[in-house]
Structure formats: structure tokens, C-alpha cells
Amino acid sequence: MQSPTQRAVSINGPHPEFDHEIWKPTAPSLGSRQPALRSRYSSIGFMVEDGRVLNFESRPERFAGEAFAMDPTIEFVLEQPPRVAYRDGGRGLHHTFDFYTKKVCGTRTFTAIKHSRRVERSGIRRTIKLIAEQIGRGLADEIALLTELDFSATERFNAELAHEIKRDPVPAHDEHVRQIAAELQGVVTVSDVVAISGLAAEGFRSIVRLIASRFFQLAHPDTRIDYGAHIRRCISPCPDKKAR
């Protein structure tokens, strides 16, 4: 099985060679399989994160993909990683997790996403237990199970806001705000930075993009991104890693 990290794509922002003045086609999904074109029970779709298609097969998967893209502790994300082999009694089985992520600190996680009302009847807890017992840490350090209840309304609001605003990058504005931030100390409000930038609403949009790219972070994580929100320069989630 190919290591997921070999196929994962950095979500720390645009790639170094990316030129916003030149159109480039969106990179395809790196998932091991594509979602069905039709489903009676799932919300199938895709999003584009930093130039790459990220597929999802349910609303909770969409919430997870957007949340992972905003999480300052995560540096790699891959949906539908290569399937994992395991045994249940005498049967040889395979399971495809919904996401594989790698944190800045190096922790690798397989994540299963389920609607909360389907967790028990799906048998996913047993599947996770068997896989965790059998694969050790060769492929991942931990396995997580998430439902839509694990994503707050604030997290979803922030992720969707950032996802929408990132679709319209203005590098000159972002660089201007970065330079302003070099003179700022501690925690400030979004409105303070917008006022100093002189960019009005475009300054707000730039700050949202810089939160999404881990340059800024919310001082209080469960706060909606708006003009009254408190932000600061991003603090490295790992002591031995430099702040982004």
C-alpha cells in the first residue's frame, strides 16, 4: 500500500509556483476512489482547496473537509485514502476511511465520518476497533470517528466563509496586511487591522484568507470571524516548529 503522505497535498496555502495572474486548471482529487454520480441518501459534491478537488459524499464529510482545511494543526489532508486490510474472525476484509490527515507535529490520523443516527447500525465502531488492533502504527497513529455533531455552527460558518473568500485571491492585499501585522503585538481585533490597512471590506476579506492560510489565528477558536473577532499572529502548534 502506498503511504498516504506520498499522495497528500499541502493545505498551507498556494504552492510556491502558483501565479495568480496565470490561469491554471484545477488539480484532480487524489482520493483512491471517486464517489458515485448518484445516491438516494448522500449529499455528493466537491470543493476546491488550494487548487485541488476534494470530494465528499455527505454533509458531515463536507463539514470535515472544510474544518480540516482551516485547522492550523493539520498540514496534509487526503480524502478516500487507499483502503486498509483487516480480518474479522476468519474473513479478510477491507475498509476505506473517509479522510487521512497529518498534523504539523507528525501525527497521522485515519478518520471515519458518519451521520450520528447511523453510527450504531453501521458497525463502524467494531470496524475501527479491529483495524486499530491489527495495523499498529504502520499506517496511522490514531483512528477517529466524527459525526456532524462534532462540528459546531461557528466552525461551519468560519470554514464556509473562508472557503468562499479564498476563491477570489488578491495577493497584493494579503501582502499589504502581512506587512501591517509585522508591527502588531499580541491580540487585536479584525476591525483594528482593517482600519490600519485602509482596504475597507477588501481588508476584511484579506484577513479571512490569512486566517485560512495560518498566518493569523482566532484568539478564541469558537468565535465567528467578523469585525469584532480577536486575532493574533499564528502560534506554532508544535514547540519545535516555526510559526507560519
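The exercises below go from the whole chain down to single residues.

Keep in mind throughout that you're looking at a predicted model.

**Exercise 1. Get an overview: how many helices and strands does the protein chain have, and what share of its residues is buried?**

Solution. Start with the secondary structure: the chain has seven helices and 12 strands. Next, burial: of the 244 residues, 42% are buried. Last, look at the contacts between residues with a separation of 6 or more: 63% of them join residues 24 or more positions apart.

**Exercise 2. Find the aromatic pair that Phe-63 forms with Phe-151, and work out its geometry.**

Solution. There are six aromatic pairs in the structure. Two numbers are what you want here, as a ring pair is described by the distance of the centres and the angle of the planes. For Phe-63 and Phe-151 these are 6.4 Å centre to centre and 65° between the planes. An angle over 60 degrees counts as edge-to-face, so that's the label for this pair.

Now place the two rings on the chain. Phe-63 sits in helix H1 (residues 59-70), while Phe-151 is in the loop between strand S9 (142-146) and H4, 88 residues apart. Finally, look at what else is around Phe-63: Arg-156 lies over its face, 4.7 Å from the ring centre.

**Exercise 3. Check the length of helix H4 and list its buried residues.**

Solution. H4 covers residues 153-165, 13 residues in total. From its first C-alpha to its last it reaches 18 Å, close to the 18 Å expected at 1.5 Å a residue. The buried residues are Thr-154, Asn-158, Ala-159, Ala-162, His-163 and Ile-165. For reading such a list, remember that an α-helix has 3.6 residues a turn, so residues three or four places apart point the same way.

One more charge-over-ring case to find: the charged end of Arg-224 sits over the ring of Phe-157, 4.1 Å from its centre.

**Exercise 4. Which residues touch the most other members of the largest nonpolar core, and which element gives the most to it?**

Solution. The core has 23 residues, and Ile-207, Phe-216 and Ile-231 touch the most other members. H4, helix H5 (171-181), helix H6 (190-197), helix H7 (201-212) and strand S11 (216-218) each supply at least two residues. H7 gives the most, with six.

Then zoom in on Ile-231. Beyond its neighbours within four places in sequence, its contacts include Val-193, Ile-207, Ile-211, Phe-216 and Leu-218. A second, separate core has 14 residues, among them Phe-97, Phe-110, Ala-112 and Ile-135.

**Exercise 5. Why is one side of S10 and of S11 left without a neighbour in their sheet?**

Solution. First get the order: the open sheet has three strands, S10-S12-S11, with antiparallel pairing. Strand S10 (188-189) and S11 stand at the edges with a single partner strand each, so one side of each has no neighbour in the sheet. Then look at one pairing: S11 and strand S12 (residues 230-233) are joined over three bridges. Gln-217 has Arg-232 in S12 as its bridge partner.

**Exercise 6. Describe the hairpin of S5 and S6: where does a positive phi occur?**

Solution. Five bridges join S5 to strand S6 (residues 91-95), and the two run antiparallel. Across the pairing, Val-84 stands opposite His-95 and Asp-88 opposite Arg-91. Two residues lie between the strands, and Gly-89 takes a positive phi near 65°.

Now sort the faces. In a regular strand the side chains alternate between the two faces of the sheet. In S5, Val-84, Tyr-86 and Asp-88 make up the covered face, with Ala-85 and Arg-87 on the uncovered one. Ala-85 still has contacts beyond its neighbours within four places: Leu-93, His-94 and Ile-135.

Technical notes
Residues numbered from 1 in each chain as written. Predicted model: local features only at pLDDT ≥ 70, side-chain atom pairs only at ≥ 80, totals over all residues. Heavy atoms only, no water. Helix = DSSP H or I, 4+ residues; strand = E, 2+ residues; numbered from the N terminus. Expected span 1.5 Å × (residues − 1). Buried < 20%, exposed > 50% of the residue type's maximum accessible area, 1.4 Å probe, protein only. Phe/Tyr/Trp six-rings, centres within 6.5 Å; stacked < 30°, edge-to-face > 60°. Lys NZ or Arg CZ within 6 Å of the ring centre and 35° of its normal. Core = buried A, V, L, I, M, F, W, Y, C linked by side-chain atoms within 4.5 Å. Contact = heavy atoms within 4.5 Å. Pairing = 2+ DSSP bridges.
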